[in-house]
Amino acid sequence: FHPWEEKNWNESISYIKDGITRYSSWLGDYPYSIATAVSGDENEVSGGMEYPTITLITLAEGGQELDITIVHELGHNWFYGVLASNERKHAWLDEGMNTYYQNRYEKEKYGNYSLVETTAGMLSRNKTPDDALESLLHAMFRMYRDQPIETPADEFSFSNYGMIVYMKASIWMKKLEDELGTPMFDSVMRAYFREWGFRHPYPEDFKNTVEKHSGKSIEPLYNLLFKTGPLSIPQKKSPKLNAFFPLNGTTRHQFISVLPALGVNMYDKLMLGAMVHNYQLALSRVRFMAAPLYATGSKKLNGIGQLSFHQYSPGKINEWSLGINGATFSTNQGVDSNGAKVFSGVSRLVPAFRLHLKNRDYRSLAHTWLDLKSFIITEQGFNYVVKQSEGISYPEEGARKTRYVNQLSLNSENHRALYPYRYQLQLQQGKEFLRAAATLHYFFNYAVGGGMNMRVAAVKFGYIGGKTPAKEANTLNYQPKLTAVRGNEDYTYSNYFVGRNEFEGAASQQIMERDGNLKIRTDIFQDLQGRSDDWIAAVNLSTTIPKKLLPIPVPLKVFADAGTYADAWKKEASVSRFLYVAGLQLSLFHDLLNVYAPLIYSREFSNSLKTVPEENKLLRKISFSINIQNFSLRKIAPDLPL
């Protein structure tokens with residue numbers, strides 16, 4: 001080990017000796033004259049890698065975590081090294097058996113499991129009770145996404161390789177121990193190691209050895225190696241109150257959890273409250289979340305919440321769900337004629353139905369689902385009343401008005417490492433309009449790292465019952481446009497905005513990804529928005545910059561957007577058929593926050609922006625987007641429909 005690691009590694013020799021002593025007593029003597037552990041560079045893929053008589057440890061921690069990692073890799077000498085089964089075809093004969101003994105070692109020595117990050121590359125280091133392993137597996141069982149233990153290694157999905165080969169197989173070994181009793185189990189395993197050392201045993205050889213030396217048939221338990229689902233009937237859960245998000249003991253309890261909740265916007269200001277939910281590792285069919293929030297600015301009770309029922313199936317439709325979610329918050333503020341603050345607001349209810357289609361290939365990272373939603377939106381705007389003594393109009397709270405948007409979406413995504421993509425086909429219908437949209441995101445990897453993301457979008461709009469001046473005015477926000485979409489144009493309230501109706505200051509610079517997505521604001525130029533009540537089409541490109549071009553690593557990109565729309569193709573059109581904008585993009589927090597600085601524009605944009613007063617030059621320079629909708633847990637479980 002390196003000199004600076006001495007504090008963590010000062011007990012490493014004793015860890016190796018403890019491992020050799022215990023494994024030798026359980027299975028048979030260590031057959032070699034040397035055992036070595038070597039520290040390597042830390043990485044995110046594994047905690048270590050085994051080789052005969054030598055293990056490479058890539059773990060930064062010391063103490064129990066280092067102990068268990070060394071012993072796990074050392075333990076492979078008995079299985080991968082001596083028994084030497086075909087791990088590609090029968091991975092559990094090595095990793096599963098070894099993980100069982102690792103767990104046994106840790107339980108005897110420390111009294112708990114740490115689930116150290118082994119070559120599964122995905123196990124938590126948090127201290128957890130015994131049933132945490134089964135809790136992780138239970139989530140897979142519920143979704144019918146697990147695979148049999150006896151599956152060739154190259155057919156396992158990313159998540160299943162860790163959870164089935166390591167976790168479920170080690171639990172299967174523990175059940176074999178429980179069925180035989182520990183003394184007989186140890187005797188059988190010593191016989192297996194003695195008889196099949198250096199002979200490459202198969203699963204049936206292990207079964208025959210167990211039955212011959214124990215005198216008992218293990219046929220029912222052995223058959224479970226070839227089946228999906230839990231190894232035993234799950235216990236009925238009892239409700240239990242818990243803080244935050246529970247990871248422990250979820251095979252015994254159905255948790256109802258409470259945690260603090262915060263919210264903020266320009267009108268409600270800071271919102272304080274609590275979130276109550278039942279989301280946990282072993283998912284319940286009925287899921288709920290409620291987060292009431294007291295707004296310190298508007299003095300109102302706001303919040304969000306949702307309730308859903310989920311049903312899974314092993315068939316072509318892997319999951320269907322039915323639910324409803326809702327939200328209420330303020331959208332603007334003003335001061336009435338008496339000097340008192342008044343607020344506009346919105347309440348939203350969204351009943352939804354979803355179908356997830358099952359992918360036949362467990363290794364595929366593709367997911368396809370169908371969504372049907374109805375957005376039922378109640379808005380309370382302002383009425384403006386003129387105060388005669390001053391000749392000034394003041395806002396007052398207006399009447400509540402309710403509208404709806406029905407939405408059907410077909411969604412597909414593939415988070416593969418090379419050329420990942422996602423697309424959406426969407427149909428929306430309101431009282432006076434129909435709107436169809438198609439969007440494709442495709443990432444082109446560069447050989448030297450990084451790549452270019454391409455977004456292609458097309459939207460078709462039409463009126464129900466024919467076009468009239470009234471309908472044209474009523475559907476203005478629903479009509480697609482090329483340039484940046486702001487908070488007041490988010491007609492389903494599906495995006496999060498700091499200042500939804502701000503027209504100056506930093507909050508007014510926030511935009512959302514929709515329609516043409518040309519990242520330039522043209523709010524004050526109505527004729528330059530590329531808005532159409534017929535159709536629009538656009539392409540958006542964003543490319544990483546070679547790291548060598550910058551003196552220090554900066555998440556900087558170059559973006560370029562171009563689009564066209566129906567009106568530009570009319571004979572009397574006064575604008576170019578294609579509009580474009582390009583500039584620099586700063587992407588932060590895995591693209592959760594993107595800041596755009598346009599540098600090159602179409603002639604129409606450039607000429608019009610010259611007329612902007614000097615104090616509003618920020619309008620032509622910077623905008624930002626918050627992509628909470630695209631933020632997910634794909635790095636943890638890329639093959640699950642999260």
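**Figure 1. Where helices α6 and α7 meet.** M173, L176, E177 and L180 in α6 touch T182, M184, F185, V188 and M189 in α7, where contact means heavy atoms within 4.5 Å. By kind, these contact residues split into seven nonpolar, one polar and one charged (Ala, Val, Leu, Ile, Met, Phe, Trp, Tyr, Cys and Pro count as nonpolar, Asp, Glu, Lys and Arg as charged, and the others, Gly among them, as polar). This is a predicted model, in which local features need pLDDT of at least 70 and side-chain atom pairs count only at pLDDT 80 or more, while totals for chains, interfaces and linings use all residues. Residues are numbered from 1 along each chain as its sequence is written, and side-chain values use heavy atoms, leaving out hydrogens and water.

**Figure 2. Helices α4 and α6 side by side.** Let's look at α4 (residues 95–110) and α6 (residues 158–180), which pack at an angle of about 65° with their axes 7 Å apart. Axes here are lines fitted to C-alpha atoms, over the stretch in contact for helices, and angles run from 0 to 180 degrees between N-to-C directions. On the α4 side, the contact includes M97, Y100 and N103; among its α6 residues are Y161, V165 and M173. Overall, the contact of α4 with α6 has seven nonpolar, four polar and three charged residues.

**Figure 3. What lines β12's pocket?** β12 (392–414) is one of the elements that give two or more residues to the lining of the second largest pocket, and β12 gives the most, with six residues. Among the 39 lining residues, E379, R403, N477, N488 and Y493 are the closest to the pocket's centre. The lining divides into nine nonpolar, 18 polar and twelve charged residues.

Terms used:
Helices (H or I, at least four residues) and strands (E, at least two) are DSSP runs, numbered from the N terminus. On a 1 Å grid over the protein atoms alone, a cavity is a set of points where a 1.4 Å probe fits but cannot get out, and a pocket is an open set with protein on both sides within 12 Å along at least five of seven lines; lining residues have an atom within 4 Å of a point.
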